[in-house]
Amino acid sequence: MLRFAIECKMSTKRAGFWRVLLFNVVLIGAAVLILELVFGDWFHPNKIDRLNLVRDCHLRYDASYLYDSAGDIHYSRDKWGLRGKYPSLDDIDIVTLGGSATDQRYVSDGFTWQDVLAREFAAAGKNVSVVNAGVDGQSTFGHIKDFDWWFPTLPHFKPKYVLFYIAGNDIYKSDNSDFDDLVNNKPPTWKTRIRECSALYRLVSLGMGVYQAQHVHKITHRKEPFGSWQWTTQPLVQDHRQLVQERLDIYGKAVAMLAQRTRAIGATPIFVTQCLSVYRFRDDGQVEGRAHTEMYDTTKINGLDLYYIMREFWAVTMQECAKEGGICLDAGDDIRWQPGDFYDVIHNTPQGADRLGKYLYQNLKDLPIGTQQVAH
């Protein structure tokens, strides 16, 4: 009798446990459903919110912890998500696309490389609008989605040129299925639908992206102690092409698609190769890289290896640009950066932005754009 009572009591406890578990599962499921219905895009035709754009904002903040000349930063975006001055959406000369090195969140309005480029044109007597559509963290896949989800929402958006300053984020991009879906025009699978519509997926993906950028690849905004860096002329990898071949295949498809989408809106593509600060060119012509090592997937690399990796991406950029009849500028190999041009691995100071903007002007000054300034 006592044994029967004990067994009944244990059975009741197990039943209670499963009831509590079932209740919590249902409660969490209901919360997820409400979250998806409210914040997801399952029934909403506007996909622009999936791009994490900054719109209609005027921010001021202190960035002196990043570089000495920073001071008070003024960062603004208009209601369309664009940075910079232009007459109207149907009268933009150059719109620029890229990641954080294009966005330049910690370079104040008036001092970005887009501002420098426009100012150089103005000094030569031409009014040329250069608009910043860079998005912090975007790779070429994000830029492709800009054409699909963002630009169609801009009424009468007709830039004459689209300038891409790219590759810095793509050297770590490895999700081949996304590009295959776009290249082959496959009907969306349930996985694609979740990626595009789920609020929970976007939240987790954003968190993972931030973690990868901050703790794995260390490409977020921070002040680097350049004076304490050690340098080397010896790479750790023998065959860099083989190391990045899969990513290069993805990247090449993306560059071609960006050129095609640019042509589709009536503009001409300009591709500019992107640079990093972990390598430098010596006066004797030798290239040296930061000796500090990091893991590239399962392979240990140093700053010189990153230079050779970037060179592979520069070559593909120039090849695909030429195939698509774009304007191809190999800034990565052309510009000789100086101390003080970067405040971290990838982001320019105003000094570096000035150097890049003047380089672009020298290569684009003969474009048939802009209006002649009227003398007073």
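Analyst: Let's start with the aromatics: Phe147, Trp150, Phe151, Phe157, Phe164 and Phe271 form one cluster. Keep in mind that this is a predicted model.

User: How many aromatic pairs does the structure hold?

Analyst: There are 19 aromatic pairs. Take Tyr251 and Phe313: the ring centres are 5.1 Å apart and the planes sit at 65°, so this pair counts as edge-to-face.

User: And which helices do those two come from?

Analyst: Tyr251 is in helix 8 (residues 240-264) and Phe313 is in helix 9 (residues 303-323).

User: Are Tyr251 and Phe313 buried or exposed?

Analyst: Both are buried.

User: While we're on helix 9, what about Glu312? Why does it get called buried or exposed?

Analyst: Glu312 sits in helix 9. Its relative accessible area is 19%, and the cut-off for buried is under 20%, so Glu312 counts as buried.

User: What does Glu312 touch?

Analyst: Leaving aside residues up to four places away in sequence, Glu312 touches Arg241, Val244 and Leu248. Also, the C-alpha atoms of Glu312 and Ile171 are separated by 9.6 Å, and those two are 141 residues apart along the chain.

User: Switching topic. Where is Gly99?

Analyst: Gly99 is in the loop between strand 3 (94-98) and helix 2 (100-103). It is buried, with a relative accessible area of 7%.

User: Which residues does Gly99 touch, not counting those up to four places away in sequence?

Analyst: Gly134, Val135, Asp136, Gly137, Gln138, His143, Tyr165 and Asn169. For Gly134, the C-alpha atom lies 5.4 Å from that of Gly99, although the two are 35 residues apart along the chain.

User: Now backbone angles. Which residues have a positive phi without being a glycine?

Analyst: Gln104 is one of them, with a phi of about 55°. His156 is another, at about 60°.

User: Where do Gln104 and His156 sit?

Analyst: Each is in a loop: Gln104 between helix 2 and helix 3 (113-123), His156 between helix 4 (140-150) and strand 6 (161-166).

User: And is Gln104 buried or exposed? What about His156?

Analyst: Gln104 is buried, with a relative accessible area of 5%, whereas His156 is exposed, at 61%.

User: How does the lining split by class?

Analyst: Ten nonpolar, four polar and six charged residues.

User: Last bit, the whole chain. How many helices and strands are there?

Analyst: Eleven helices and 14 strands. The chain has 376 residues, and 48% of them are buried.

User: What's the accessible surface like?

Analyst: It comes to about 19200 Å², with 56% belonging to carbon and sulfur atoms.

User: And what share of the contacts join residues at least 24 apart?

Analyst: 75%, taken among contacts between residues at least 6 apart in sequence.

How values were computed: Residues numbered from 1 in each chain as written. Predicted model: local features only at pLDDT ≥ 70, side-chain atom pairs only at ≥ 80, totals over all residues. Heavy atoms only, no water. Helix = DSSP H or I, 4+ residues; strand = E, 2+ residues; numbered from the N terminus. Buried < 20%, exposed > 50% of the residue type's maximum accessible area, 1.4 Å probe, protein only. Contact = heavy atoms within 4.5 Å. Areas by Shrake-Rupley, 256 points an atom, 1.4 Å probe, with all protein chains shown as cover. Nonpolar A, V, L, I, M, F, W, Y, C, P; charged D, E, K, R; others polar. Phe/Tyr/Trp six-rings, centres within 6.5 Å; stacked < 30°, edge-to-face > 60°.
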